[in-house]
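The tour below goes from one selection to the next and says what is to be found at each stop.

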Amino acid sequence: MEQTSLSVYVKAMRKKYNLTQVDLSEKSGVGLRFVRELEQGKQTLRLDKVNQILNLFGSEVGVVPMKNDNV
């Protein structure tokens, strides 16, 4: 399965459903600034807020096994 960055995924899904960043902010209950930072690829984000957005698209952040076992 191809990996897609979170920012690319959210932006693509927002556009797929014809939502503006303001629409996404209002529908998900997070601030507009957070939506903008997420789509710009900010490295540190609150996971609960990320999941509020992803829930609109039937997704959530979860643990994904890495290919390289470093443990």
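Begin by selecting serine 25, which counts as buried at 10% relative accessibility, where buried means under 20% relative accessible area, exposed means over 50% and partly exposed lies in between, with a 1.4 Å probe and protein chains only. This is a predicted model, in which local features need pLDDT of at least 70 and side-chain atom pairs count only at pLDDT 80 or more, while totals for chains, interfaces and linings use all residues. Residues are numbered from 1 along each chain as its sequence is written, and side-chain values use heavy atoms, with hydrogens and water left out.

Serine 25 lies in helix H2, residues 21–28; helices (H or I, at least four residues) and strands (E, at least two) are DSSP runs numbered from the N terminus. Now display what surrounds serine 25: apart from neighbours within four places in sequence, this residue is in contact (heavy atoms within 4.5 Å) with Val30, Gly31, Leu32 and Val35.

Next, select the largest nonpolar core, whose twelve residues are Val10, Met13, Leu19, Leu24, Val30, Phe34, Val35, Leu38, Val50, Ile53, Leu54 and Phe57. Such a core is a set of buried Ala, Val, Leu, Ile, Met, Phe, Trp, Tyr and Cys residues joined through side-chain atoms within 4.5 Å. Helix H1 (6–16), helix H3 and helix H4 (47–55) each supply at least two residues of this core. From there, centre the view on leucine 19, which touches Arg14, Leu24, Lys27 and Phe57 when residues up to four places away in sequence are not counted.

Turn now to the charged side chains. The structure holds four salt bridges, each being a side-chain nitrogen of Lys or Arg within 4 Å of a carboxyl oxygen of Asp or Glu. Select arginine 33 and glutamate 37, which form one of them, with their closest N and O atoms 3.1 Å apart. These two residues are separated by about one helical turn because they stand four residues apart in helix H3 (residues 32–39). Arginine 33 counts as exposed, at 65% relative accessibility.

Finally, select aspartate 48 and arginine 46, whose side chains meet in a salt bridge at 2.5 Å, N to O. Aspartate 48 is partly exposed at 40% relative accessibility, and arginine 46 is partly exposed at 49%.
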